[in-house]
Amino acid sequence: MSGFFSETFLAALLFGAVTAAIPLLLAGLGEQMSEKAGVLNIGIEGMMITGAYLGFVGAYYSGSFWLGFLSGAAGGVAVAALMALLCVRIGLNQIVIGIALTLGFEGLTALLHHFQFSKSYPRLGAVQVTPIPLLESIPIIGPALFRQHLIVYLSIAMVGLMVWIYRRTQLGLNLQAAGDKPAALDVAGIDVIRTRTIAVLFTGGMAGLGGAFLANVGAGLFIPFITNGAGFLGIVLAMLARGRPVWVLAGALIFGVCLSMTTAAQVAGVNIPTDVIQMLPFLAVMAMLVLFGRRASLPAALGIPYERGVR
Amino acid sequence: MATTVKHPQGSPAIVKLEGVTKRFPGIVANDRVDLEIHPGEVHVLLGENGAGKSTLIGMLSGLQQPDGGRILIDGAEVAIRSPSHALSLGIGTVFQHNMLVPTLTVAQNLALGGRWWESPKISELADRVAQIAQPLGIDINLDARVSELSLGEQQQVEIVRALLRDSRLLILDEATSMLTPKGIAELGALMRRLVERGLAIVFITHKLGEAADFGDRVSVLKLGRKVGEISPERLRSLDRTALVDEIVAMMFGREAGDDAVSIPPRAANDDALLEVRDLHVSPTGDAPGLDAISFTIGHGEILGIAGIDGNGQKQLAEALAGQRAAERGSVVLAGQTLDGLDVGGRRQKGLRYLTDDRLGEGTVGSFPVSINYFLKQVGEPPLWRSGVEQRGEIGKRAEELNRQYDVRTPSIATPIGRLSGGNIQKVLIARELAEGARAVIFNKPTYGLDLANTLATRQRIRDIASQGLAVLLISTDLEELLSMCHRIAVISQGRLVGTVPNGEGAAERVGRLMIGLAA
């Protein structure tokens with residue numbers, strides 16, 4: 001057990017936690033916008049897996065992580081466009097469509113991967129990190145937090161951007177109105193459908209980016225079903241965060257630590273069955289739901305398609 | 001009768017409706033409505049629930065599209081496509097149910113609708129709000145969360161919002177329904193100040209007194225049709241009592257196109273067929289109770305129940321039918337007591353009830369016409385044997401009923417929800433009159449029907465009485481009651497406040513009872 005507290009172990013644990021937290025953060029921030037606007041985006045897992053696959057393919061063929069992230073985000077947006085068409089514009093049931101998109105794209109990406117790479121799982125090269133001068137030399141925290149790929153810093157900066165959007169911009173107001181009282185937004189002269197579509201597409205982009213990060217940075221390769229519920233964790237985060245981006249970050253880090261523990265504990269040779277350790281993140285979900293879930297207040301019109309003039 | 005305006009005073013109409021019609025599945029909400037809205041006037045739209053006021057407003061504010069007729073703005077025909085289009089045309093609406101986001105502050109609500117890439121300019125907004133609100137005597141706290149404001153304050157916020165958008169026409173839909181008397185007086189004063197500044201206001205209400213107090217021009221809607229208008233000149237020439245009288249005459253008086261009065265003859269037989277004694281029902285959350293209701297109906301007699309909607313009519317019908325528990329009192333039909341019997345038992349004894357909620361309660365919209373005919377006999381032979389539906393037998397009988405009651409349906413397999421209100425009503429009548437009917441309760445039987453079906457239904461009710469059945473006819477349409485009832489009782493807050501024999505002067509006497517004056 002002594003290995004648990006060594007400096008290298010803690011640094012590795014924290015580094016792993018951040019790496020594991022970023023996809024959750026991106027998914028959570030994305031889902032948060034959909035939920036704010038009144039769309040329960042269950043399809044986010046499908047957007048994420050598509051992002052992971054296309055992100056990997058993009059990076060693999062181009063050799064550029066950035067092109068990988070771009071293609072991953074684009075893949076997420078494409079799935080989200082389908083969701084927006086079916087659930088926002090046509091007004092179909094968000095839960096049913098969300099589940100269908102998730103299952104459908106999990107299967108589709110697995111199939112495509114199989115045709116393309118058969119049973120081989122090619123890997124990407126090492127991740128290029130951008131160390132931050134001075135900060136990187138802090139013991140434990142330095143190597144964990146400040147020797148990361150640039151996209152990590154950008155993802156965390158997204159939290160600030162989201163806070164600004166929700167608090168300071170017209171778009172933020174419109175999004176909240178679309179979720180709390182869409183009819184009020186409509187009579188104020190703003191197109192509810194368009195507002196919700198923007199939110200869903202944003203969710204897709206963020207989820208796709210998160211998926212690409214998961215595959216390219218987290219794992220360095222694509223495996224079918226690699227997201228393994230990360231999108232659903234994003235939904236949990238968004239619900240618990242009650243509309244606050246900072247809370248999504250905090251929640252993502254907690255989950256990140258738990259996910260990282262599963263690896264770290266195994267590496268450290270802790271004598272607990274791996275199955276138990278792998279349950280940790282999900283125990284954390286339940287614990288967080290018990291602690292905070294009851295007070296979670298969701299937008300009044302969440303999950304209800306908007307149709308003008310229907311009382 | 002209606003005074004049509006030939007020479008609108010002052011400025012020409014900013015909004016003009018010509019023959020506007022709007023249909024919903026089963027009902028005609030607006031039937032060829034004409035309306036002129038002039039700047040500097042409070043135009044009161046008066047009518048009871050279901051008269052079609054809100055639908056009319058929905059079309060003016062871009063929430064709904066008319067099925068027929070034209071809307072002219074500044075003389076040019078316009079299709080109002082969306083709420084934002086309505087706003088850009090200068091039409092601002094304060095809806096009956098407020099349209100503010102409760103989780104946002106007043107300022108944020110007022111800022112809603114700006115371009116999405118811009119930041120809301122709250123300080124600029126504060127200046128404009130002050131400019132608009134102060135002269136009107138409105139005090140608004142921009143930083144308060146909307147959910148913390150009273151309903152009156154929320155309404156003021158909405159009015160200010162409409163003015164912020166440079167509205168030329170302000171529509172207030174049932175604006176006084178949630179206000180205190182003081183709030184209503186303040187709103188009246190505010191409307192006066194607004195029209196003095198050249199704004200046009202459409203003020204929708206079902207309260208007669210408000211129409212008389214606030215209106216410059218009054219239009220009366222009844223069952224989707226406009227039945228009269230009082231022009232500003234005419235309105236000014238009347239004192240309040242005369243004005244109220246004139247409005248009462250319009251709301252409850254004769255209407256062009258109504259059928260002639262025809263009271264079915266009945267043999268001089270004073271034996272009571274249906275006798276209700278001292279019926280009490282306790283009030284529930286939003287519904288009034290019934291208080292000591294007693295009446296009798298003879299063979300072949302039609303007793304009308306008049307009253308403003310929501311005064312216990314539905315409770316009365318449901319208590320008689322056994323759908324609502326009575327606290328005490330007794331119901332006797334043809335010498336047999338119905339007390340303690342449930343819906344099925346009462347039906348068995350011959351008491352039938354035609355609900356006003358034809359689609360929600362009377363039928364199962366997704367079921368075929370054929371099954372809806374026999375909804376109250378499900379499981380009984382010969383239509384069902386050992387729990388199995390006898391399709392052939394049901395079909396045969398349904399076809400027969402279709403012919404007998406002239407139900408127009410593509411087939412007996414068509415889901416009944418796709419039929420028009422008139423045809424659904426015919427199915428219900430056919431069902432309720434089947435085998436052994438002795439007394440029939442009609443609740444608003446012609447509500448939402450077009451004229452032809454209205455007349456047909458009324459004739460059907462007369463025929464039922466002619467066959468010697470007792471009929472209880474509940475209606476908010478006094479003209480309907482006058483056209484066929486032998487006697488008319490008036491219900492107000494769950495009590496029968498008087499019974500008037502139909503005949504000379506009955507209309508005025510019932511009308512006065514309805515608005516709380518002695519007959």
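Trainee: Which residue of S20(B) is the bridge partner of B:Phe442?

Mentor: B:Leu473. Bear in mind that this is a predicted model, in which local features need pLDDT of at least 70, side-chain atom pairs count only at pLDDT 80 or more, and totals for chains, interfaces and linings use all residues. Residues are numbered from 1 along each chain as its sequence is written, while chains are lettered from A and ligands numbered from 1 in the order in which they are written.

Trainee: What makes S19 and S20 of chain B count as paired strands?

Mentor: Two strands pair if DSSP finds at least two bridges between them. S19 (439-443) and S20 (470-474) of chain B are joined by 5 bridges, so they pair; they run parallel. Strands here are DSSP E runs of at least two residues and helices are H or I runs of at least four, numbered from the N terminus.

Trainee: Which sheet do they belong to, and why are S16 and S22 of chain B called edge strands?

Mentor: An open, mixed sheet of 6 strands, ordered S16-S19-S20-S13-S21-S22 in chain B. S16 (351-354) and S22 (495-501) of chain B each pair on one side only. The twist from one strand to the next averages 20°.

Trainee: What packs on that sheet?

Mentor: Helix H10 (313-321) of chain B, touching S13 (302-306), S16, S19, S20 and S21 (487-492) of chain B, at about 150° to S19(B). Touching means that C-beta atoms, placed from the backbone, lie within 7 Å. Helix H15 (421-433) of chain B lies across S16 and S19 of chain B, at about 170° to S16(B).

Trainee: Why is H2(A) called roughly parallel to H4(A)?

Mentor: Helix H2 (44-62) and helix H4 (94-117) of chain A pack at about 20°, their axes 7 Å apart. Angles run from 0 to 180 degrees between N-to-C directions, with axes fitted to C-alpha atoms, for helices over the stretch in contact. Under 35 degrees is roughly parallel, over 145 roughly antiparallel, 65 to 115 roughly perpendicular and the rest oblique, so H2(A) is roughly parallel to H4(A).

Trainee: Which residues make that contact?

Mentor: Among them are A:Ile49 and A:Tyr53 of H2(A), and A:Phe105 and A:Leu112 of H4(A). By class, the contact has 5 nonpolar, 6 polar and 2 charged residues. Ala, Val, Leu, Ile, Met, Phe, Trp, Tyr, Cys and Pro count as nonpolar, Asp, Glu, Lys and Arg as charged, and the others, Gly among them, as polar.

Trainee: How many residues does each chain give to the contact between A and B?

Mentor: Chain A gives 20 and chain B gives 25. H7(A) supplies the largest share of chain A's side, 7 residues.

Definitions and conventions:
Contact = placed C-beta atoms within 7 Å.
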